[in-house]
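Hello,

Here is the structure we talked about. My notes follow below it.

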Amino acid sequence: MNSYERAASAIRAPLPSEPGLLDFVRFATLAPNSHNTQPWKFRLGADAIDILPDFSRRTPAVDPDDHHIFVTLGCAAENLLIAANASGRPADIRVETEETETRIQVSLGHAPARDQELCNAIPARQSTRSDYDGEDVGAEDLTQLRRAASMPGVQAIFLTERPKLEAVLEFIVQGNSAQMDDPAFVRELKSWIRFNAGSAIETGDGLFAKCSGNPALPTWAGRFLFDRVFTKEAENKKYTRQMRSSAGVVVFAAETDGPEGWIQVGRSFERFALQATVLGIRHAHMNMPIEVAELRPAFADWLGMPGRRPNLVIRFGRTAPMPMSMRRPVDDVIV
Ligand SMILES: Cc1cc2nc3c(=O)[nH]c(=O)nc-3n(C[C@H](O)[C@H](O)[C@H](O)COP(=O)(O)O)c2cc1C
């Protein structure tokens, strides 16, 4: 193992036999999160953990209304819940909003352990941004994925027919083109890319080039090349290939628009992602149609939910794993 692999696997060590609150927080931080900014803080109580947004880690260009922050907190809360359940500390989740602050309160109890399989999948799950094998996942596995995504207040729309996936791809290409034409989006994305293992380990956050299938480079060379090879045409070509190699897409949509609904979406998505991991199915985000505000209404119309806000677009299928992403040390996220 090289130093990057050692660091990435250390934060993914299995839970000890009698985990404490910090172990549950570590598993929560293994959740997917937008641009790997890890916009969360954890406050420990007696048998309770509050999960709070860390607005100092906002990404205003891609996420002007903090939608992704709350989806991310939902993913972290679901990991915490599953890790606690698997350790015989069943958790109860409540979303509290006081004035303008929304936080998630997790309280821990005692009961026989459950959810072991999903808990084991937490350190193995990853966003896999590569071409998939082009095969269907099979009806049985699809049923299990649908069941996993089922969550009150969230609609998970599974699309597997080729003409429908081609229609989604058209929205993705339109969205990606708009994002690539937006200098603020490109500047913000570039600022979160970690071009080599050294800088990914040092910050413990951001998008390590190799996790997206790109070579590791000295930071100066990475920044120089980024401006030259990261073009609209090249990205659209890559996304077209990736979509056409995927077995399907699932779109998550909350019934209510606001932090509580977005947190529920994160929880539903994370259960889907962990069940997929259990089944050897990989997933990656294709969020352009929901990130570009001007495109969202047309996408919602196409989905048959006019006036509503679809929250996530995820492709899935089978392929080999990519390098795992980094996380900050647990101590850095405790307040
Ligand atoms: C709300 C949300 C939005 C995301 N948007 C994108 C996206 O647009 N493109 C992408 O490649 N990954 C996206 N991701 C995935 C994150 O980049 C990924 O979770 C993070 O880099 C950590 O990597 P991991 O999932 O492999 O642990 C998103 C994740 C979340 C939770």
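In which helix is the place of phenylalanine 224? Phenylalanine 224 sits in helix H9 (residues 219-229); helices are DSSP runs (H or I) of at least four residues, strands (E) of at least two, numbered from the N terminus.

This is a predicted model: local features need pLDDT of at least 70, side-chain atom pairs count only at pLDDT 80 or more, and totals for chains, interfaces and linings use all residues. Residues are numbered from 1 along each chain as its sequence is written, and side-chain values use heavy atoms, without hydrogens and water.

Phenylalanine 224 is partly exposed, at 45% relative accessible area (buried is under 20%, exposed over 50%, partly exposed in between; 1.4 Å probe, protein chains only).

Now the charges. The structure holds 20 salt bridges (a side-chain nitrogen of Lys or Arg within 4 Å of a carboxyl oxygen of Asp or Glu).
- Lysine 190 meets aspartate 227 at 3.0 Å, N to O. This pair links distant parts of the chain: lysine 190 is in helix H7 (residues 183-192), aspartate 227 in helix H9, 37 residues apart. Aspartate 227 is partly exposed, at 47%.
- Arginine 58 meets aspartate 66 at 2.7 Å, N to O. Arginine 58 is partly exposed, at 31%. Aspartate 66 is buried, at 13%.
- Lysine 238 meets glutamate 235 at 3.1 Å, N to O. They lie three residues apart in helix H10 (residues 232-244), so about one helical turn separates them. Glutamate 235 is buried, at 9% relative accessibility.

Best wishes
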